[in-house]
Amino acid sequence: MLGQARYLCVIGRARLVPSWFAKVHPTTGTPLNATIVLGICQASIALFTELDIVIEMISIGTLLVFYLVSNALIFRRYVILSKNPPLHTLLFLFLLSSTSFAFSLSWKFKLHWWNLTLFVGLTFFATVIFQYFVPMVVMERQESWLVPFMPWPATISISLNVFLMTTLKMVAYKRFGIWTCVTTIFYVLYGVHSTYHAEEILEMIVVDNVNVNSSTQQIITKVDIQLV
């Protein structure tokens, strides 16, 4: 929760929430409004909500984000950067999530050990086949850092996040579903229109700057001609 104020500040700059949350303190450089609002909200939640509910909500949100980031990492590396057709990568991600979910259910319901071995083997061989048949372009850029040994770190992350999410209670998914619906409605009714309006304003500013620069260049050219 300590990082939420920074997240909200960045989201406010993107106009997904009111830009008032993006205000930064002139002296400390910290997101002032976001820290105050979130501090009040988090203190209220901690005061009036049972700890188990808070822990499960934080856990499912964090695990889902890590799961999505791991999927996006594989898709970006093999499709966006390496210019491969997306079908093979999407099929691999679907198979990976399916085998991880099946392993987690087998563990939860304490099925025979060969079920666990089967799903672990499927995950391993699917990753090996994907790595062998789907080429990945090696990016040699010294300025940026890329995750090494791909796709294994992302594969392990997906499997672990799916496994940990299955350990949560069903009521946690219901609460998370309700919260997701609320945030989605807010995004559709406010965030989409606000970001679109912000982009229009930015385009107008860019066009005005181009026009000003063009007019200035024309004046300088005229002055040079007159001097000649």
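Reply: Sorted by class, the lining of the largest pocket comes out as 26 nonpolar, 10 polar and 1 charged residues. Here Ala, Val, Leu, Ile, Met, Phe, Trp, Tyr, Cys and Pro go down as nonpolar, Asp, Glu, Lys and Arg as charged, and the others, Gly among them, as polar. Keep in mind that this is a predicted model, where local features need pLDDT of at least 70 and side-chain atom pairs count only at pLDDT 80 or more, while totals for chains, interfaces and linings use all residues. Numbering runs from 1 along each chain as its sequence is written, and side-chain values use heavy atoms, with hydrogens and water left out.

The space in that largest pocket is about 1,800 Å³. Its lining has 37 residues, and Q4, L38, F176, W179 and T183 are the closest to the centre. A pocket is an open set of points on a 1 Å grid over the protein atoms alone, where a 1.4 Å probe fits, with protein on both sides within 12 Å along at least five of seven lines; a lining residue has an atom within 4 Å of a point. Points are joined across faces, edges and corners, and the volume is the space filled by probe spheres set on them.

Two or more lining residues come from each of α1 (4-13), α2, α3 (51-81) and α7 (170-227), and α7 gives the most, with 11 residues. Helices here are DSSP runs of H or I with at least four residues, numbered from the N terminus. I36 sits in α2 (residues 32-48) and is partly exposed at 45% relative accessible area, where partly exposed is what falls between buried (under 20%) and exposed (over 50%), using a 1.4 Å probe and protein chains only. From I36 to F21 is 15 residues in sequence and 9.7 Å between C-alpha atoms.

Next comes the second largest pocket, at about 240 Å³. S100, V120, T123, S159 and L160 are the closest to its centre among 14 lining residues. At least two lining residues come from each of α4, α5 (113-133) and α6, with α6 giving the largest share, 6 residues.

Now for the rings. The whole structure has 10 aromatic pairs. F103 and W107 make a tilted one, since their ring centres are 6.4 Å apart and their planes at 35°; a pair needs centres within 6.5 Å, and planes under 30 degrees apart are stacked, over 60 edge-to-face, the rest tilted, with Phe, Tyr and the six-membered ring of Trp taken into account. Both residues lie in α4 (residues 86-108), 4 residues apart, or about one turn of the helix. F103 is partly exposed, at 22%. F103 also forms a tilted pair with F163, at 6.1 Å centre to centre and 45° between planes. Y78, F92 and F130, meanwhile, make up one aromatic cluster.
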